[in-house]
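Please look over the sequence and the structure below before reading the notes that accompany them.

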Amino acid sequence: MAQWRKSSPDEVYSPEEIRQRLEAELPAWYYEDGWIRRKYKTSGWKSTLMVVNTVGHLAEAAWHHPDLTVSYAFVIVKLVNHAAKGVTDKDFALARKIEEVLMWRPSAEEGSPLEGTPDDPRFKYLKYDAGDAAPAG
């Protein structure tokens with residue numbers, strides 16, 4: 001991972017820096033209206049609640065709280081550092097952790113004893129796009 005900043009974790013990134021960093025580190029995320037965002041598609045309401053609760057736990061543990069848009073089959077996560085009035089290292093760090101946890105696929109890990117969610121529509125709860133690679137850990 002590239003070293004992007006050496007000063008305060010509350011230093012605000014420029015829109016161009018944000019776009020470059022998202023492209024390099026979080027390609028499924030995008031920058032819009034001053035926030036970094038990600039839309040997670042789910043298989044329905046129960047799955048949506050699982051995503052919301054996971055994001056809620058991570059945000060509370062980090063003490064950095066996103067805005068969420070919640071619908072039947074998707075969750076949009078929006079991050080900005082309100083105190084700093086912009087996107088900072090805190091936003092990137094929480095986005096990375098959310099991505100790591102939600103997109104975790106144990107079956108894709110070499111030698112994992114965990115089989116992962118069966119490839120059966122009855123059990124799938126997150127909808128992975130073709131471009132959604134498991135994030136580097």
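This is a predicted model: local features need pLDDT of at least 70, side-chain atom pairs count only at pLDDT 80 or more; totals for chains, interfaces and linings use all residues.

Residues are numbered from 1 along each chain as its sequence is written, and side-chain values use heavy atoms, with hydrogens and water left out.

- Strand β2 spans residues 35–42, where strands are DSSP runs of E with at least two residues, helices are runs of H or I with at least four, and both are numbered from the N terminus.
- Of the 8 residues in β2, 6 are buried, a term that means under 20% relative accessible area, as against over 50% for exposed and partly exposed in between, with a 1.4 Å probe and protein chains only.
- Strand β1 (residues 30–32) runs antiparallel to β2 and is joined to it by 3 bridges, and two strands are taken to pair if DSSP finds at least two bridges between them.
- Y31 has I36 in β2 as its bridge partner, and in the hairpin of β1 and β2, with 2 residues between the strands, D33 takes a positive phi near 50°.
- Strand β4 (residues 74–79) is also antiparallel to β2, with 6 bridges between them, and R37 has K78 in β4 as its bridge partner.
- Strand β5 (residues 126–127) is joined to β2 by 2 bridges, again antiparallel, and T42 has L126 in β5 as its bridge partner.

- R38 lies in strand β2 and counts as buried because its relative accessibility is 4%.
- The side chains of R38 and E99 are joined by a polar contact of 3.1 Å, meaning a pair of N or O atoms within 3.5 Å, where, within protein, one must be able to donate a hydrogen and the other to accept it, and residues adjacent in sequence count only if both atoms are side-chain atoms.

**The aromatic pair**

- The count comes to 1 aromatic pair, under a rule that takes rings of Phe, Tyr and Trp (its six-membered ring) with centres within 6.5 Å and calls planes under 30 degrees apart stacked, over 60 edge-to-face and the rest tilted.
- Y13 and F92 form this edge-to-face pair, at 5.3 Å centre to centre and 75° between the planes.
- Y13 lies in the segment before α1 (15–25) and F92 in helix α3 (residues 89–102), so the pair ties together parts that are 79 residues apart in sequence.
- Y13 counts as buried at 4% relative accessibility, and F92 is buried with a relative accessible area of 0%.

**Charges over rings**

- The charged end of K39 sits over the ring of F74, 4.3 Å from its centre, which requires NZ of Lys or CZ of Arg within 6 Å of the ring centre and within 35 degrees of the ring normal.
- The charged end of R105 sits over the ring of Y128, 3.8 Å from its centre.
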